[in-house]
Amino acid sequence: MVASVTNLGRSGLYDWVIQRLTAVILALYTLFLVGFVAASPDLQFAQWQGLFAQTWMKVFSLAALMSICGHAWVGMWTISTDYLKNAGVRFLFQLVCAGFLFVYLVWGIDILWSV
Amino acid sequence: MLVSVYRYNPEKDAAPYMQDYNITIPGNRDVMILDVLALVKEQDSSLVYRRSCREGVCGSDGMNINGKNGLACITPISEATNGKMDKLVLRPLPGMPVIRDLVIDMSMFYAQYEKIKPYLQNNTPAPAIERLQTPEEREKLDGLYECILCACCSTACPSFWWNPDKFIGPSGLLQAYRFLADSRDTATAERLAGLSDPFSVFRCRGIMNCVNVCPKGLNPTKAIGHIRNMLLSQQV
């Protein structure tokens, strides 16, 4: 048993499941958006805004946004623990990643609920 | 035939280097790499490598042959050179400290093997003669028990290169599943509890280098998948 205090779920299994579940949500969201754009050849701003104004789309987008944060954190944490051997540098890298993801999340929520 | 061998004697050399030898294979036969090494050693007795059974059972002569890990004693020249029989490049197994020439320090590899407790654990009273298995239960160990701990797989694994102190590696995990799958072992829960952290099992990214190089044709990636499934069904 190897302990770690900076990974998402304190457990390899939890991180592994999170990464796969979030991948499914992100794939569904991407397919939906590509499908929506493909099915709307004369897409106008009003139609685009109308889509994001609906509550179910806000929930779906928020799920995708949170999935990006969870997925990216597991991935970036793995990269940092593989390649960055200096603990200080590794922690700094993780801090920068966490900061970016937090900003993405808050900014994303702000954008979604301003529509 | 040109044979280029990794040479390093820490008592004499400041840095490792490659040394070339011109070797004449008697009768131009398609001999094994271990036979080629014996011919090199006839030319230069200072060359050091490990060998023992010379038939793929002891796992002593694992090395990097023309870029791919394998056992020198069961790898013919034709296989290592894709039939060209032109040049051999022999290096120690990658990612491990070199003791001298083709001999590596396998302490980290054995430390990971020790971690998975590679022995049967059973807390029920011992029967009069032996613990029996059905043929079906015994069949589950096929493809697992054959591992000879040559370290070809673990030293071909980038996850093991980066974290040899934390990631158990394909060889150790194949053995871990060998005991998890054994109907006579009763320590399944304890074994799984020791493997659920982010490094021991989950550092495997499934690139299957281990399957590609295993000289015994075993499949550690499949065994790791079974361990993941066991962990998942136990904790969901």
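Reader: How do you know which parts of the model can be discussed residue by residue?

Author: In this predicted model, local features need pLDDT of at least 70 and side-chain atom pairs count only at pLDDT 80 or more, whereas totals for chains, interfaces and linings use all residues. Residues are numbered from 1 along each chain as its sequence is written, and chains are lettered from A and ligands numbered from 1 in the order in which they are written.

Reader: What makes up the secondary structure of chain A?

Author: Helices (DSSP runs of H or I, at least four residues) and strands (runs of E, at least two) are numbered from the N terminus. On that basis chain A has four helices and zero strands, and its elements run α-α-α-α from the N terminus on.

Reader: Why is chain A called more spread out than a compact globule?

Author: The radius of gyration is taken over C-alpha atoms, and the globule rule is 2.2 Å times the number of residues to the power 0.38. For the 115 residues of chain A the rule gives 13 Å, but the radius of gyration is 17 Å, well over that value, so chain A is more spread out than a compact globule. Along the principal axes, the C-alpha atoms of chain A fill a box of roughly 55 × 25 × 20 Å.

Reader: What does the UniProt record list as "transmembrane region" in chain A, and how much helix do those spans hold in the model?

Author: The unreviewed UniProt entry lists residues 21-39, 59-79 and 91-113 of chain A under that name; such positions are given in the numbering used here, feature names are shortened, and annotations may be inferred rather than shown by experiment. In the model, residues 59-79 of chain A are 100% helix and 0% strand, with end C-alpha atoms 30 Å apart. Residues 91-113 of chain A are 96% helix and 0% strand, and their end C-alpha atoms lie 33 Å apart.

Reader: Is Tyr83(A) buried or exposed, and how do you know?

Author: A residue is buried if 20 or more other C-beta atoms, placed from the backbone, lie within 10 Å of its own, exposed if 12 or fewer, and partly exposed in between. Tyr83(A) has 11 other C-beta atoms within 10 Å and is therefore exposed. Tyr83(A) is in helix H3 (residues 55-83) of chain A, and the unreviewed UniProt entry annotates Tyr83(A) as "binding site". Of the 115 residues of chain A, 11% count as buried.

Reader: What makes a residue of chain B part of the contact with chain A?

Author: Two residues are in contact if their C-beta atoms, placed from the backbone, lie within 7 Å. By this rule, 14 residues of chain B are in contact with twelve residues of chain A. The largest share of the chain B side, three residues, comes from helix H9 (residues 220-235) of chain B.

Reader: What makes Arg54(B) and Asn66(B) worth a remark on phi?

Author: Most residues other than glycine have a negative phi. Arg54(B), although not a glycine, has a positive phi of about 55 degrees, and Asn66(B), also not a glycine, has a positive phi of about 45 degrees. Arg54(B) is in the loop between helix H1 (33-43) and strand E3 (62-65) of chain B, while Asn66(B) is in the loop between E3 and E4 of chain B.

Reader: Why are Arg54(B) and Asn66(B) called partly exposed?

Author: Arg54(B) has 17 C-beta neighbours inside 10 Å and so counts as partly exposed, and Asn66(B), with 18 other C-beta atoms within 10 Å, is therefore partly exposed.
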